[in-house]
Amino acid sequence: MRSGSVDALPRPGQTWAGWRRAAGTLWGVLQHDRFAFAGICIYALFVLIALSGDIFAQLVYGARPALTVGFVAAFFVALIGTSVGIIAGYYGGWLDAVLMRLADVAFGIPYLPFVIVLVAFLGPSLWNIVLTMALLLWKDTARVVRAQVLTLRERGFVEAARVLGSSPRRLMLVHLAPNVLPIALLYGSLAVGWAILTEASVSFLGFGDPARISWGYMLQDAYISQALSGGAYNWFIPPGVCIMLVVMAGYFISRGYEELLFPRLRRR
Amino acid sequence: MARPGPMTRAPAEAAAANGPLVAAEAVQKYFPLRRGLFARRAPGEYLRGVDGVSFAIPRGSSLGIAGESGCGKTTLARLLLRLITPTAGRILFEGVDLSTLDGPALLAFRRRAQLMVQNPYEAINPRFTMEQALAEPLVIHGIGTREDRLDRVIAALAQVNLRPADAFLDKYPHQLSGGQLQRVGLARALMVDPIFLAADEPVSMLDVSVRAGVLNLMKAIARARHLTTMYISHDLSLVRYVCETTMIMYLGTVAELGPTEAVLASPKHPYTQLLLAAAPVPDPGRPLPEITAPEQVPTPIGPGIGCPFQDRCPQVMPVCRTVPPPLVFVGPKHEAACHLYGPH
Amino acid sequence: MLLVLWVVATLLFLIFRLMPGNPLAAYIDPNFTADQQQALIHEFGLDLPLWQQYLIFLRASAAGSMGQSFFYHAPVAQLVWEALPNTLILVLGAVIIAFLIGAPAGAFLAWKRGTAVETAGISLALAVRAAPEFWVGMILLAVFSFSLRWFPTSGTASPGAQYASLWRQLTSPDFLRHLALPLLTLVLYLQGLPLLLMRSNMLDVMEEEFIVMARMKGLPEGRILLRHAARNALLPVVTAFALVVGYSLQGYVVVENVFSWPGLGRLLVKAVAAKDYPLAQGAFLLIAALAIFMNLAADLFYTWLDPRVSYAKR
Amino acid sequence: MALLALEDLRVEYRTARGTSGAVDGVTLEVREGEVLGLVGESGCGKTTLGRAIIRVLPRNARIAGGKIVFDGVDLAALPEAEMNRYRWRSIAMVPQAAMDSLDPVYRLGDQFTEVLTVTGALTRTDARRRSLDLCDLVGLDRRRLVALALRPRLLLADEPVTALDVVVQHRILKMLRTLTAELSLSVILVTHDISVVAQTCDRMAVMYAGNIVETVPTPDVFPRPRHPYTMGLQNSFPNLLAPQETLIPIEGVPPDLLHPPPGCRFAPRCPFAIDRCLVERPALRELEPGRWAACHRAEEAGALRIQSQEAERWRVPVP
């Protein structure tokens, strides 16, 4: 679906002065930024965008499903994973055994094939993709949170809270949950990347929501329209770069978290 | 510190008011060793944490429990506070069996019995300020109004010599030293006005120079409030400083029990003798003594026949191999579980 | 393990059977009479009660026959067994190469910590890891196949190629040329995990007491790195083998489709697209079995590497 | 003659908040065949000092000055390759966490002989025989004995008995004494437990906040401490044999080594601090032969000792 309204969108200037200014900026980034690489990527992206306004419109439009899926799925993954992890770790016993068996099953189900099958039969909508991801991806968070709860449970302050007569609900909500929150967020931010990649893959394979243009859909469009053989790099490079940058942003956020979480790393 | 009114006691408890505050009757706690989900366990496949322990703590007295790591002293403390329940035997608190407590009765027990944990750096929830940590017991038990809780917290801080109290209210645990945190731990335990306080190695992770401060505070508060205390330590010199009565544990059993001075001055059980001989003393004139006990790693796993100390005992007799020794009196209020003093 | 497989199979059965719409819709010619439709439904056992269908399904799955494909008019078992070797070659080859490249590269980056080489290396590894693998595949296709014409664009063999044996096929230059790009795509996708894991493990292990001890012993630095640090750091990386196998599933389904590689992933996508549920079911079950089996293999390998973990304890 | 002499040794840690002098000008001697007890509380720099001697420090730490003279050679000035010749052959170390100091993926015996063969000192067979000999000598505990495999002349024992039960602790201390006699070994025993030092060591060095505050023969330190910190330690330490009525804590906390006080580092907690203590750092002085202390009022030690028994004096107002 080629949008007709793209001419209204502003185009970056392509004059010689513009190029020089951009090169100067790039050089500055390279010199001062530790992650200059990301800078180059962004720059390359805008150069490519400049080459095709039509694709620019789709790119902007395609960001919405990617980010929606990413954040909504990550939220549910973190929520389910954390709850399961806390409950399994706190109560132990048969409840723990059952929940962890469930996690094993979720682990044994091949993730992307399952999403494809489920989405294909539930109907190709964004929310079905989110649903299937939440159904399968909670397991990693749950395991890590559970392990964390098991060590927290032995800590003095949890023991003391029990001696003070805290109810299980209070123990889990007031004492355990805030202390596993950082690690849940860490896994949540990783899940953002996962969800975006999954949505892109599903769309690329043709099981995406046909009502929405997403980056994955754009790539599929390029692929079946023979963009590869035609050498139309400006058609399929930008969406991929967008996905890559957003996923990388997720990684960097989680790495930043990790450094806050485990200050030991900071010394390196 | 502002105290709530005297607690109302049920008639049954009033009857027990003259008896010991805490009494353990043949308490056992076995932990199953981890096996496969459906595998059957042989009789020896348990870890005998506490293995048939009986004693009583009279009201207002202090009991010290000493022994090597793994002897079951921490398990015993957790049993007395009903963090875990015994495999067999009974624990009576004011004459009431702890395992029968439930709901409101259990909550009432939680106001009477409190704990000081070992590691000061883990004693307070890292996400709580000192004010939150100290107010939590009040919130749980609905003590005081929202307004006067702050006053109570400030009073509690002052009581454990954290002055000026205002300076500590908004601090997080990582901003305090180990000694200060352990004082907060003590203050928190006292917020609900308990009558029984168990302390599990409360100073073992503190620096030598600040240990005395915490110990002195505990002693002073226990005396002022007529607290019944139980103090767990692997360090006999600390037990001697704090406790009137001493109990030596070995592999989940009571080896010796008696007035602290009697136990330390004339130890009767060979294990107590071994501990005392091996303990270092700050006396350069006393070289390291010779020890004749065989080297043997004690293990709490296995069927456990006879005296638990038999493999390391220099005075072992044939009877020790088959019959577990009962506690017998070896002096006034002084008991030892050893066949040397028995009828054999 | 079998339990997991059974749960997966059951889940799958329920999903397919409880879906709205007639699964035969795509297969049944609108011109068929009602009787003909009924006969077909009967042929596929769709008129039986659900529990009977389930029992038949279980028995058939256990026996290895998974019914008849609506779309290909061929036994599902035959179709998936034909696709399996192609997938195995691709996945195993990629996972092994990814580890062989990723782990040493990670150790190298750990050794270079704090330098520009490390920053650049990590950024690059992360970027490749974050890029959607089908997109990487598309770029490779566009550059190396369409523009430079170094590699073929799809399939496993040039038209007309015939081989006397599987081994002949695998070692033929034609096959390897077909394999190169999909393999490279998958390797690029998979290398990130072993690389990053190895690096952070190395950094952790280097702080451990026994490394300090080795220094105190006056052992040469190279020996400390290789014999003590690297071997210990490798252990969790091997555990991650299972994880990587899991990721590879995500990867190969997509990569197979980009390169029209006739493996299980492509078969699954085709079957789902054609609503050919016996085939989709069969392909999915085999993929699941493969994943579970590889997890188990990773476990066993780990046990062999680390004497502290015996399989019984896990 | 001294086997090891530290002269004004300084070790710095670079941290995110600045540079901290964990070891700040330590002067110390270890003689042939003696056991020196290095006593101090957590964070006083005793472990760092031990690791500096063998030059195995964390990445963010470095020797910032001073000398480590071992057998006439300044180790601090040696290149890394040369230093390897001293490690283990001449100076061995028993680290704090003995269990963690073994590589978990190799068998004990292999790790044990590794060092012997890698350094080129012995063949594999000889190495195995040597290890068995040593085990026979003391009859236990291979993993601690790894340290002695090459007959070193100096052993650094970093809290070797901390967290052990008293009976095991006793056995290891006993073994240490036997070994020093039989192998004419010098030992630096790092510990926080004065009692252990009393019964095991010939001399004792007390460390506080990166400084050595007192060095004296062990029999002398208990009746006659010369530094207020040592006096305070004795007051706060329970004695199993002679129960004190009350123990007296040292109030306050050790200084932040990123911003140490300008004068004596103990002054903020010291009941006897005078104005001079707050501005001028006391040097470690030899008061009598073999008896060193870093205190401006060391000459008055006799009088201070008596006052130090009064609990009230130690109640320093909290700043």
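Colleague: Which residues form one aromatic cluster with Phe93(B)?
Modeller: This is a predicted model. The cluster lies in chain B and is made of phenylalanines.

Colleague: How many aromatic pairs does a search of the whole structure find?
Modeller: A pair of aromatic rings is described by the distance of the centres and the angle of the planes. Centres must lie within 6.5 Å to pair. Over all chains, the search gives 15.

Colleague: Are the rings of Phe204(A) and Phe134(C) stacked or tilted?
Modeller: Their centres are 4.3 Å apart and their planes are at 15°. Planes under 30 degrees apart count as stacked. The pair of Phe204(A) and Phe134(C) is therefore stacked.

Colleague: What is the angle between the planes of Tyr208(D) and Tyr229(D)?
Modeller: Tyr208(D) is in strand E9 (residues 203-208) and Tyr229(D) in helix H9 (residues 228-236) of chain D, 21 residues apart. Tyr208(D) is buried at 3% relative accessibility, and Tyr229(D) is buried at 0%. Centre to centre, the rings of Tyr208(D) and Tyr229(D) are 4.6 Å apart. The pair is tilted, with a plane angle of 55°.

Colleague: How far from the ring centre of Tyr189(C) is Arg129(C)?
Modeller: Arg129(C) lies over the face of Tyr189(C). For Arg129(C) the distance is 5.5 Å.

Colleague: What accessible area does the nonpolar patch with Leu100(C) have?
Modeller: Leu100(C) lies in helix H4 (residues 76-111) of chain C. At 59% relative accessibility, Leu100(C) counts as exposed. The surface patch also holds Leu92(C), Ile96(C), Ile97(C) and Ile101(C). Together the accessible area is about 430 Å².

Colleague: How far apart are the end C-alpha atoms of residues 111-138 of chain A?
Modeller: An unreviewed UniProt entry places "transmembrane region" at several spans of chain A, including residues 69-91 and 111-138. Residues 69-91 are 100% helix, with end C-alpha atoms 32 Å apart. Residues 111-138 are 89% helix and 0% strand. Their end C-alpha atoms lie apart by 12 Å.

Colleague: How many residues apart in sequence are Arg226(D) and Glu288(D)?
Modeller: The side chains of Arg226(D) and Glu288(D) form a salt bridge at 2.9 Å, N to O. Arg226(D) sits in the loop between helix H8 (218-221) and H9 of chain D, and Glu288(D) in strand E11 (residues 285-288). The pair therefore ties together parts whose separation in sequence is 62 residues.

Colleague: Is Arg226(D) buried or exposed?
Modeller: The relative accessibility of Arg226(D) is 5%. The cut-off for buried is under 20%. Arg226(D) therefore counts as buried.

Colleague: What is the N to O distance between Glu310(D) and Arg313(D)?
Modeller: Glu310(D) is partly exposed at 39% relative accessible area. Arg313(D) is partly exposed at 35%. Their side chains meet in a salt bridge at 3.2 Å.

Colleague: Which residues do salt bridges with shared partners join to Arg226(D) and Glu288(D)?
Modeller: Shared partners make one network in chain D. Besides Arg226(D) and Glu288(D), the network holds Asp220(D), Arg224(D) and Arg291(D).

How values were computed
Residues are numbered from 1 along each chain as its sequence is written. Chains are lettered from A and ligands numbered from 1 in the order in which they are written. This is a predicted model: local features need pLDDT of at least 70, side-chain atom pairs count only at pLDDT 80 or more; totals for chains, interfaces and linings use all residues. Side-chain values use heavy atoms; hydrogens and water are left out. Rings of Phe, Tyr and Trp (its six-membered ring) pair if their centres lie within 6.5 Å; planes under 30 degrees apart count as stacked, over 60 as edge-to-face and the rest as tilted. Helices (H or I, at least four residues) and strands (E, at least two) are DSSP runs, numbered from the N terminus. Buried means under 20% relative accessible area, exposed over 50%, partly exposed in between (1.4 Å probe, protein chains only). A charge sits over a ring if NZ of Lys or CZ of Arg is within 6 Å of the ring centre and within 35 degrees of the ring normal. Patches are made of residues with over 30% relative accessible area and no salt bridge: like charges are joined within 9 Å, nonpolar side chains (Val, Leu, Ile, Met, Phe, Trp, Tyr) within 5 Å. Accessible areas come from the Shrake-Rupley method with a 1.4 Å probe; for residues, only the protein chains shown count as cover. A salt bridge is a side-chain nitrogen of Lys or Arg within 4 Å of a carboxyl oxygen of Asp or Glu. UniProt positions are given in the numbering used here, feature names are shortened, and annotations may be inferred rather than shown by experiment.
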